[in-house]
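Subject: Structure handover

Hello,

Please find the structure below, followed by notes on what was found in it.

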Amino acid sequence: MKKLLLATVAFVALGAPALAADMAARPYTKAPAPIMAAYNWTGFYAGVHIGAAFGGDNGFATTIPGLTGGSRDAAFLGGGQIGADYQFAPNWLVGIEGQISGLSDNNRTFTNGVNSFRDRSDWLASVTGRLGYTWGPGLIYAKGGVAFRDDNGLAATAGFLPAVTDRESTGYTVGGGLEYMFAPAWSAKVEYQYYNFDTTNVSTTGAGAGVTPGVLSYKDDLHTVKVGLNYRFNWGGPVVAKY
């Protein structure tokens, strides 16, 4: 028995190196490079927005005795936009956008206690260029261009008629915002936009009893805040790139 045990130990000792030599070396596998998603903002889009509009400069000048006036009423707005973007270099973006918004009760009223003028806009529109910087699904941008509004002019009560109004329906707009791609082809945005329609001038001949002829002048501008949703028609998903 003792001889058998010694023979077994000797066999294992002599055969182990040969057995180890016959074993295949463990294969080495290089870890794959990390994959990042590079979002592509180039393409056409359309969307909707809602928000609010607030009067800008509340000052005015007048030669009409006793005339007082408040700020333009805050108004709800809602509408839509269409546009196109081009991404380059590689995180910068240029684009163009057309936008229109309907307004609710966006009035500014002036009164002498008996008669009054009322200025109202029912809609705003703009055509703007924009420049932005992207980081993955995020975009920060500035915009500016030409602004439009309805040409309703001022409504006046009988005592202030006839009245002659010089009121611009075309002006300029500037603003900026943040946009984020939250799902394939969809992005959400929050945006500030300022509209300026220069100075509105109204003159009256004072046809009403006890009304003195005079002139009213005031700066005509609006501040707006909007949230919106865009659908990108040719969004093909993120461009996959290895880093």
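Of the 243 residues of the protein, 36% count as buried, where buried means under 20% relative accessible area, exposed over 50%, and partly exposed in between, with a 1.4 Å probe and protein chains only. This is a predicted model, in which local features need pLDDT of at least 70 and side-chain atom pairs count only at pLDDT 80 or more, while totals for chains, interfaces and linings use all residues. Residues are numbered from 1 along each chain as its sequence is written, and side-chain values use heavy atoms, with hydrogens and water left out.

Taking contacts between residues at least 6 apart in sequence, 73% join residues at least 24 apart; contact means heavy atoms within 4.5 Å. The accessible surface is about 13300 Å², and 67% of that belongs to carbon and sulfur atoms (Shrake-Rupley method, 1.4 Å probe; for residues, only the protein chains shown count as cover).

Salt bridges

The whole structure holds 14 salt bridges, each being a side-chain nitrogen of Lys or Arg within 4 Å of a carboxyl oxygen of Asp or Glu. In one of them the side chains of Asp220 and Arg72 meet at 2.8 Å, N to O. This pair links distant parts of the chain, 148 residues apart: Asp220 is in strand S13 (residues 214-232), and Arg72 is in the loop between strand S4 (68-69) and strand S5 (75-88). Both Asp220 and Arg72 are buried. The two also belong to a network of salt bridges that links Arg72, Asp119, Arg149, Arg167 and Asp220.

Another salt bridge joins the side chains of Lys143 and Glu97 at 3.0 Å, N to O. Here too distant parts of the chain are linked, with Lys143 in strand S8 (residues 138-149) and Glu97 in strand S6 (residues 92-111), 46 residues apart. Lys143 and Glu97 are both buried.

Arg120 forms a salt bridge with Asp122, with the closest N and O atoms 2.7 Å apart. Arg120 is partly exposed at 26% relative accessible area, and Asp122 is partly exposed at 29%.

Residues around Lys143 and Gln193

Thr128 is in strand S7 (residues 116-135). Its relative accessibility is 4%, so Thr128 counts as buried. Apart from neighbours within four places in sequence, Thr128 is in contact with Gly95, Ile96, Glu97, Lys143, Gly144, Gly145, Thr173 and Gln193.

Val174 lies in strand S11 (residues 170-183) and is partly exposed, at 39% relative accessible area. Beyond four places in sequence, Val174 touches Lys143, Gly144, Tyr192, Gln193 and Tyr194. Val174 and Gly144 are 30 residues apart in sequence, and their C-alpha atoms are 4.1 Å apart in space.

Regards

Key. Helix = DSSP H or I, 4+ residues; strand = E, 2+ residues; numbered from the N terminus.
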